[in-house]
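Here is a short walk through one protein model. Start with the whole chain, then follow two of its parts.

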Number of protein chains: 2
Amino acid sequence: MLRQLLPRCAPRAAAAFVAPRRAPLGLFQAARQYSITPEAASEAKIQDIDPSQLVLQKTTTPKPLKKSSDLVFGRNFTDHMLTIEWNQTTGWQKPHIVPYQNLSLDPATCVFHYAFECFEGMKAYKDKAGQVRLFRPDKNMARFNKSSARIALPNFNSNAMIELIAKFTKLESRFIPEERGYSLYLRPTMIGTQKTLGVGAPGSALLFVIASPVGPYYPTGFKAISLEATNYAVRAWPGGVGDKKLGANYAPCIVPQREAVSRGYQQNLWLFGEEEFVTEVGTMNFFVAIRNKETGQKELITAPLDGTILEGVTRDSVLSLARERLAPEGWNIVERKYTMQEMDEAANEGRLIEAFGAGTAAIVSPVRSIGWKGKEVHCGLKDHEESGEIATKMKAWMEARQYGDDEHEWSYVC
Amino acid sequence: MLRQLLPRCAPRAAAAFVAPRRAPLGLFQAARQYSITPEAASEAKIQDIDPSQLVLQKTTTPKPLKKSSDLVFGRNFTDHMLTIEWNQTTGWQKPHIVPYQNLSLDPATCVFHYAFECFEGMKAYKDKAGQVRLFRPDKNMARFNKSSARIALPNFNSNAMIELIAKFTKLESRFIPEERGYSLYLRPTMIGTQKTLGVGAPGSALLFVIASPVGPYYPTGFKAISLEATNYAVRAWPGGVGDKKLGANYAPCIVPQREAVSRGYQQNLWLFGEEEFVTEVGTMNFFVAIRNKETGQKELITAPLDGTILEGVTRDSVLSLARERLAPEGWNIVERKYTMQEMDEAANEGRLIEAFGAGTAAIVSPVRSIGWKGKEVHCGLKDHEESGEIATKMKAWMEARQYGDDEHEWSYVC
């Protein structure tokens with residue numbers, strides 16, 4: 001039995017959920033209950049996401065644009081949000097684009113207690129012709145579905161969702177700055193909304209997408225970072241969920257990250273096991289370029305997708321570009337386990353060429369050194385250098401495809 | 001800089017957060033913004049929780065009581081909730097008891113994205129004299145503080161929080177049924193409320209307590225359950241957070257639990273490592289009584305607190321009672337690693353006396369058998385038995401202290 005939601009079009013409930021964030025004092029709106037009772041039976045035909053049913057409710061109070069130079073990652077959001085509710089009885093409901101606003105949730109809602117939540121991080125870019133482009137949204141949606149399935153949240157048709165995100169992004173395109181390096185960060189999120197403390201699969205969920213205009217990660221050019229290798233805490237484990245983009249993988253990472261920062265590092269590098277395998281950086285995958293000890297061949301190495309590594313879209317793109325453009329120059333592109341010891345040895349023998357993180361936020365993030373067992377493992381940069389050759393090339397190659405200069409199937413024109 | 005919250009006592013914002021769940025249609029209230037901007041500096045003196053500042057706002061629409069027999073775990077809640085906001089600038093704010101109602105949160109709030117959430121599960125009991133009693137609340141608050149610290153959420157003074165929970169529980173005492181086996185389940189929860197997508201320590205948080213009247217786990221006496229041993233997925237690992245009561249530990253457990261249920265089991269039993277160490281049941285710690293192969297001595301065994309086991313209050317109470325009352329009878333009470341293989345061998349040799357789960361919900365939950373590697377490991381119960389001797393005794397001993405029949409320091413009279 002579905003709990004009756006306040007009708008969306010009722011005179012005083014028009015704007016859904018709750019009072020908008022920036023509502024003038026005195027303007028109050030109805031709480032929209034984002035959950036169903038657990039009795040909901042799954043008898044009826046389950047509906048997938050249907051973009052043709054999109055309901056658009058535009059804001060009447062558009063936000064002023066911020067100066068591009070004032071943009072801070074994930075702090076300011078556009079005028080609207082995309083929302084789609086799901087319940088186990090009828091499936092995905094009509095998609096809505098509504099003014100950006102608070103969610104109103106019962107305190108017993110399962111997202112607050114059992115971390116029924118997963119998300120994606122992706123960006124929209126404005127090309128020279130003013131067109132809005134997404135970058136490999138199919139990869140994000142595929143991962144989103146894998147993440148949600150792993151925590152008993154619903155799946156959906158990827159193409160339908162990409163179509164909706166494209167419509168939403170076009171609607172918000174005035175928020176995407178024209179300058180190179182700027183973009184609109186998109187945050188598709190799915191949360192369980194069932195309101196019972198019983199531990200079980202949520203009978204209802206909410207998928208929402210919010211968008212935040214962001215500037216370049218390195219506004220004045222690359223700035224190499226230093227990492228602290230973390231061996232006292234473990235991010236992920238075989239048989240665990242470290243390869244999924246779940247909220248559950250993030251909160252436990254903050255204390256080790258803060259520890260690293262307290263000792264003067266920018267982020268931490270997660271090691272695994274007694275062997276101290278290198279896995280990934282705080283919020284990025286990790287690549288290292290090493291000259292092979294036996295053959296002398298240059299190798300670009302990253303950890304394999306063994307279930308403990310986030311399946312990064314940037315990681316995949318870097319590997320793909322490397323195979324296309326570095327392999328012909330004699331590079332060996334390798335996904336394999338490698339250890340901190342191996343990196344240290346290469347550094348000591350002058351074979352460590354460079355290292356960088358790879359993720360949506362920074363694209364690539366050059367690494368100067370890694371603190372490990374009381375010493376600094378230097379990653380090949382000279383003192384005056386902020387990036388190695390491969391990182392520099394990768395960023396240019398990636399951006400050319402993201403901004404549509406290098407027309408490619410990875411770029412999705414909205 | 002703190003975002004200005006809507007003043008609590010403003011004419012139309014009186015009931016905090018949002019429209020109450022059961023508000024008559026047409027009555028709308030202000031959204032209370034549960035987060036601050038991340039710039040908040042931590043310069044001022046940080047305030048701890050202060051029970052003397054409690055602000056009580058009673059409901060004007062008390063709920064009718066449900067028939068005791070109709071109570072379902074965690075589905076119906078009392079009239080009020082206890083809330084305390086925290087921010088990094090000024091610390092813990094005035095505690096409030098307000099009518100049970102929805103939370104209004106910005107969709108960028110960090111609890112939705114990075115699982116900044118932890119909780120406790122505890123119960124309040126009504127004794128023969130009508131007094132309300134908590135059971136070992138100091139243990140719950142100590143664990144709550146350990147959980148919150150592990151995910152960069154704030155700590156608080158345990159005694160102050162117990163005092164507030166006691167006041168809240170007394171206020172709601174009409175919801176605690178008089179019958180033995182019934183109680184009021186209390187759910188203290190802490191969530192990060194900062195609204196930015198940057199991954200970092202939350203600058204603001206909300207601690208809330210909600211309460212749900214519950215019936216006995218086994219209304220008609222014990223019913224032994226069957227478990228499926230899970231070796232294809234891993235709940236916790238060394239260096240991880242499996243010993244903390246974080247939301248992050250729960251969502252990833254649902255799919256394996258559902259798998260077990262799909263094959264006819266009630267819950268799953270988490271094994272760890274190639275050795276297949278027995279760790280814990282889906283939502284309980286696990287005990288097994290075995291006759292020692294060499295000495296013939298009876299042993300009550302549970303996994304040690306090595307960081308991969310939830311530090312259960314019931315687990316601790318069972319161990320304590322066993323040391324007090326079983327050890328003098330010749331039992332050896334042991335916290336050590338043990339394997340599924342070892343249990344299977346004991347079962348085959350007739351040395352497995354009984355097994356049971358231990359947790360707040362059921363106190364003890366007798367186990368009939370465990371599905372493992374395609375066979376059933378029988379845990380000592382005869383076909384007509386639903387509980388072993390130790391489980392039966394433990395439940396009685398525990399309840400005697402919970403309901404105050406056996407006056408003991410574990411019982412906290414509100």
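A residue counts as buried when its relative accessible area is under 20%. By that cut-off, 63% of the 414 residues of chain A are buried. Keep in mind that this is a predicted model.

Chain A has seven helices and 20 strands. Take the contacts between residues at least 6 apart: 73% of them join residues at least 24 apart.

Now turn to one annotated residue. An unreviewed UniProt entry marks A:Lys245 as a modified residue, N6-(pyridoxal phosphate)lysine. Where does A:Lys245 sit? Its place is the loop between β11 (225-230) and α4 (254-262) of chain A. A:Lys245 has 11% relative accessibility, so it counts as buried. Leaving out residues up to four places away in sequence, A:Lys245 touches several others, including A:Cys118, A:Phe119, A:Glu120 and A:Gly121. A:Arg143, A:Ser147, A:Tyr250 and A:Leu310 are also among its contacts.

Next comes helix α7 of chain A, residues 389-402. Its 14 residues should span 20 Å at 1.5 Å a residue, and its end C-alpha atoms are 20 Å apart, so the two values agree. The buried residues of α7(A) include A:Ile390, A:Ala391, A:Met394, A:Trp397 and A:Met398. What covers the buried residues of α7(A)? Among the elements that do so are α5 (313-326), β17 (352-359) and β18 (363-372) of chain A. After α7(A) comes A:Gly404, with a positive phi near 80 degrees.

Definitions and conventions
Residues numbered from 1 in each chain as written. Chains lettered and ligands numbered in written order. Predicted model: local features only at pLDDT ≥ 70, side-chain atom pairs only at ≥ 80, totals over all residues. Heavy atoms only, no water. UniProt positions renumbered as here; feature names shortened; annotations may be inferred. Helix = DSSP H or I, 4+ residues; strand = E, 2+ residues; numbered from the N terminus. Buried < 20%, exposed > 50% of the residue type's maximum accessible area, 1.4 Å probe, protein only. Contact = heavy atoms within 4.5 Å. Expected span 1.5 Å × (residues − 1).
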